[in-house]
4 protein chains.
Amino acid sequence: MKALRKTKAAFGAELVEIPVPQIQPHEVLVKVHACSICGTDVSIYEWNKWAQGRIKTIPQTMGHEFTGEVVQVGAHCNRLKIGDIVSVETHIPDNYSKQSLTGQMHIAKEMKIVGVDRDGSMAEFIAIPELVGWKNDVNMPTHLASVQEPLGNAVYCTLVTPVHGQSIAVFGDGPIGLFSVAVARAAGATNIILVGLEDFRLQLAKQVGADHVINARHENPVQKIMDITGGDGVDIVSEMSGSPIAMEQCFEVVRRGGFLRMFGIFKDKVNVDINDHIIFKGITIHGINGRLMFDTWFTLSNLLKSGRLNIEPLITHKLPFESYEQGFNLMLETPKKCSKVVLYMDKSRMK
Amino acid sequence: MKALRKTKAAFGAELVEIPVPQIQPHEVLVKVHACSICGTDVSIYEWNKWAQGRIKTIPQTMGHEFTGEVVQVGAHCNRLKIGDIVSVETHIPDNYSKQSLTGQMHIAKEMKIVGVDRDGSMAEFIAIPELVGWKNDVNMPTHLASVQEPLGNAVYCTLVTPVHGQSIAVFGDGPIGLFSVAVARAAGATNIILVGLEDFRLQLAKQVGADHVINARHENPVQKIMDITGGDGVDIVSEMSGSPIAMEQCFEVVRRGGFLRMFGIFKDKVNVDINDHIIFKGITIHGINGRLMFDTWFTLSNLLKSGRLNIEPLITHKLPFESYEQGFNLMLETPKKCSKVVLYMDKSRMK
Amino acid sequence: MKALRKTKAAFGAELVEIPVPQIQPHEVLVKVHACSICGTDVSIYEWNKWAQGRIKTIPQTMGHEFTGEVVQVGAHCNRLKIGDIVSVETHIPDNYSKQSLTGQMHIAKEMKIVGVDRDGSMAEFIAIPELVGWKNDVNMPTHLASVQEPLGNAVYCTLVTPVHGQSIAVFGDGPIGLFSVAVARAAGATNIILVGLEDFRLQLAKQVGADHVINARHENPVQKIMDITGGDGVDIVSEMSGSPIAMEQCFEVVRRGGFLRMFGIFKDKVNVDINDHIIFKGITIHGINGRLMFDTWFTLSNLLKSGRLNIEPLITHKLPFESYEQGFNLMLETPKKCSKVVLYMDKSRMK
Amino acid sequence: MKALRKTKAAFGAELVEIPVPQIQPHEVLVKVHACSICGTDVSIYEWNKWAQGRIKTIPQTMGHEFTGEVVQVGAHCNRLKIGDIVSVETHIPDNYSKQSLTGQMHIAKEMKIVGVDRDGSMAEFIAIPELVGWKNDVNMPTHLASVQEPLGNAVYCTLVTPVHGQSIAVFGDGPIGLFSVAVARAAGATNIILVGLEDFRLQLAKQVGADHVINARHENPVQKIMDITGGDGVDIVSEMSGSPIAMEQCFEVVRRGGFLRMFGIFKDKVNVDINDHIIFKGITIHGINGRLMFDTWFTLSNLLKSGRLNIEPLITHKLPFESYEQGFNLMLETPKKCSKVVLYMDKSRMK
């Protein structure tokens, strides 16, 4: 089968022929319909510092945001069936830690990630544990089915405490920041602010429900948000940029007694004014990673099915699998002209 | 001033002239712009069994859902100012009970209710404690400002646990049931079912966001809801009808591990299958009364200001104060052809 | 092997010889050290109305509160090992329902119960799914290890909302009511009241931490509790008796804004004053069944290991397995002179 | 009257004669029985950098942890009465911010602190707003009544999420760290670890319930805690030292999915590894300041009254008011030989 693999500890990846994977008794084999490109994939592709420290196995197939059809089922499986259309939770938990036994399996001690710790889904077939397979509605469009994993990040992060009737500022205009705007809108946030750097993406944010967008290259986000909120700050802030400057601004704009979600990954440690920004303000901070298994999947699936959630404008590019270089280049170039890019292994579904 | 008062222990009320009330040092005087009619007002008007047992003072001015302008401020007041446009929280708490001191002042032990335990707002002026005054945006339309108190019931009840991504069934098509549909829609519930008896109101429910409406005169709600939910039942049920038959149906359709809110008032005790419907199902029940002071007011105010919440179709009638009989008759007649009815003391605002 | 089985649809049970069970690939075989007697076992033994309606298979081995040693492990198992000392969660969940996939597997739609829906643990050996096995500390005394399942009911019910600094009244002096007193004491409840009928058990309640005990045969619990609480009622009430009279008293003594847990099973439906007791009081009710999998097990295990929890006085009888009739008679007789009765299959552990 | 005042922008304070304060209509006058010394008082006394930046008014009376008797009541007051024995919540909220109106008045935007923003309680009399007066049981010992304010910090911080059945590590052996150990013990934490620097205080920690104490001068807390917890880390960590080294250790020992409370005040910003310590671990952080008004007061009052909470060993010194220099010196010296020091204005209560 064709697979896009990291074959060298250097920039890029290679589309190669490898055997179809053999499944274990607790696994299913999925024929991949489409796979979208994650920021993590881009890090591995460009082989940045994080990737150099994190990726242990080369060669390894890339990718983890996908949808496809179950074509083979292991002997110990009893939930999924041949013909099921699935997406997957890419955090593969252990089965014995306190985390796994108390509803936190997404951060289990020995958790492994598809496309990072084992072969991924930028291939014609992938073997995955039945446990992490999520059965989709058969008539969910392929491009929406494919992006459920990153959408799940946005759903978990945005809704970790309720947003109805609340103001929320999202810092970061990457795909998950943009998804978060759409999620906040669907869940009743009543004042939604996106702070970013790319006009193309700020326009997308408006399309999916932002009340205010701020380009931090041209405006001071703190000043602007304080104006918008009458000097009180916002109830909820999501840091999704990984920028230390944005992090500081997040602390400044969250209101006393408000909530801060941390999701964006930083290059280095960050200097934090714990006294004034955490203690005296009395805020609550949630570190967000992955998705709740499987509460988040029920929520995102219901939001998509109901039509309440508008993420259609955020899937900006649909490309054949073989055009993967074009896809990665779109993600790497500046100024950015894309949000989520989907690669199709099954071109008949590319519409 | 003119005031609509209960003057006799019998059906009806009388529009009479009485002196403008004197305020206490902790009170403000409000010139009433408009006052909507609550089901409680209807009970007092028709003098049903509940009203006979509950109303201690006759004569007494009726009404509690209103908006108006502050025209006088007591010596101990320091938050509200002359000229402020206000609505009021009608639950006047004590200031010493554990409830009042721990964020539950809406159910304080010695709590008093405007228009039930003291003179109400179906009058040209009303004196209210500053504590329960809620300052409105000056440009909020009068009819919306007036119905914030009952809307608050719907907001508190519907959102006592988050509804985003959840299915919800509301039993009862009175104004608060209909408000609840709109609130659930604004807050991201993804499958909203209203069960009622009046086709006029079921149509309104559809207009404000119900995915399914069920007329319990013609269809079996349990059967229908089980069909809609694939046999699983709904995540959240709000009982807003006060009907023992509906109560039983609520217990049958709430899913295992789901949530039940109880809001509707019953004529008598209700027979409950505690084993099968509460314990083995592992549900959580919230008794709902009033509004959180003042979390609910912030939420409803933000929902209205943001335009996320569509309740415009639910205010079906706007009448001059003097046409109060027409208003009460609309609420009493069957089949019902109204939802919320607003009486205007200031006719210049009636548009 | 020896097994105590329900062999006829009538009072009693029979100690018979049957083959050691064959395990499935996902199961382990446990050599039972000891098994305590549950109220459910007594219902099945005396063949009351509930048992007649619930038990589908005869003959079937009784019992589900036990501890023992893993002596064989199925091919698909990978967590438990031969030699592990285990107790078990007796609720065997399905693996596909929303409940099972969102942390509510203890109330999964197709959940099965050991000793009710399949052969139980009043036998020398039992086969159980690995999923529900809980590995004990090797030096936990056998009688404590054996009662963890019912202790888990008390832990889940008592601590479903925090009790620290709260007053709590437990209605029902059965073993789980008594365990609840000990749990409330260990978790910082500051005013603990037990209401029961049996002086022997009320004395045990005092030994494990009750501040007040009330024998409802001789005193009016409502009057007494209102006196104790200065007329405010208690913050938290656990109904653990299954008596409609107690249920009514629970509703009367829970304070406005307080919490009510429902655990006791009733013979029939119960008449409830929803208006005054649930809505106007603004209480929250939790239906409690089973134990959280596996949060409750971590909590109870830590409470036992730390020595904070004193339940030693509540295990009143230790009998050899063959004396099962004496055990059941102790549970059936009145006035009651027992709390928890443990039957030992391995007599060397009976100390 | 006598008052201990900051009279110069320099080390120390002066015991001077000033007039008894005049009360406002919403205030009461309290005759002070005793006042304990807070770390904040020590900062003001020694005039450190924080104090230089924070204290706006000189001269000003110091102190805020006290108890006394109400001897005069303002015209607008209606809850407290002459003769009431009170302690006070030292955070005086505004009455209009979202915080104050939604149960977060302890962090209200314009909140003022007794003894910091206005005259304090190291005096024979103090005027305080009735709103922040907490009526004590008449037979509560004076030294316990006096330390309720700092005890409240420990209660709020320790119990912001439940501790029953949880492991908890407290970093910091100041009085509030020690109180936290006692509170965790009373509320059912099952593995309590105190990390500190002073052997005198570590011994006190053992007396009030620590399972393990670690002197960070002699042992590596991270290594030791990982050993104690079998490599998993602790469920809950409270940072109460204000040391950047301790902060880093807190992040290292909190388990994946665990809780971190931040209470200790730092000299400077702190460098934080947001990726590995907050996001990938999926922890929740609570910034803690003050006490919940008045949930925390009910909890601490019940814990004290019930006798469940053992803080007696933590009040190490009782001195006459005039010996204030000795009191401050005890707090300043190293190695520390004190925990909480109480100054008595009413020497008849000093026992």
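**View 1. Strand pairing between chain A and chain D in a predicted model.** In this predicted model, strand β16 of chain A, residues 270-272, pairs with β16(D). The two strands run in the antiparallel sense, and the pairing extends over 3 bridges. One position in this pairing is A:Val272, whose bridge partner in β16(D) is D:Val270.

**View 2. The extent of the contact between chain D and chain A.** Each chain contributes to the contact: 40 residues come from chain D and 40 residues from chain A. On the chain D side, the residues that lose the most area to chain A are D:Arg256, D:Lys269 and D:Ile279. Together, these three residues account for 18% of what that side buries. The area buried between the two chains is about 3,500 Å². Carbon and sulfur atoms give 52% of that area.

**View 3. A salt bridge between D:Asp232 and A:Lys109.** The side chains of D:Asp232 and A:Lys109 meet in a salt bridge, with a distance of 2.9 Å from N to O. The count of salt bridges between chain D and chain A is 6. Polar contacts between the two chains involve 25 residue pairs, with both residues at pLDDT 80 or more.

**View 4. The side of chain D that touches chain A.** Several elements of chain D give two or more residues to this side. The helices are α3 (98-101), α9 (244-253) and α10 (274-279). The strands are β15 (254-262), β16 (270-272) and β17 (284-287). By residue class, the side of chain D that touches chain A divides into 17 nonpolar, 13 polar and 10 charged residues.

How values were computed. Residues numbered from 1 in each chain as written. Chains lettered and ligands numbered in written order. Predicted model: local features only at pLDDT ≥ 70, side-chain atom pairs only at ≥ 80, totals over all residues. Heavy atoms only, no water. Contact = heavy atoms within 4.5 Å. Buried area = accessible area lost by both parts, 1.4 Å probe. Salt bridge = Lys/Arg side-chain N within 4 Å of Asp/Glu carboxyl O. Polar contact = N/O pair within 3.5 Å; in protein donor to acceptor, adjacent residues only side chain to side chain. Helix = DSSP H or I, 4+ residues; strand = E, 2+ residues; numbered from the N terminus. Nonpolar A, V, L, I, M, F, W, Y, C, P; charged D, E, K, R; others polar. Pairing = 2+ DSSP bridges.
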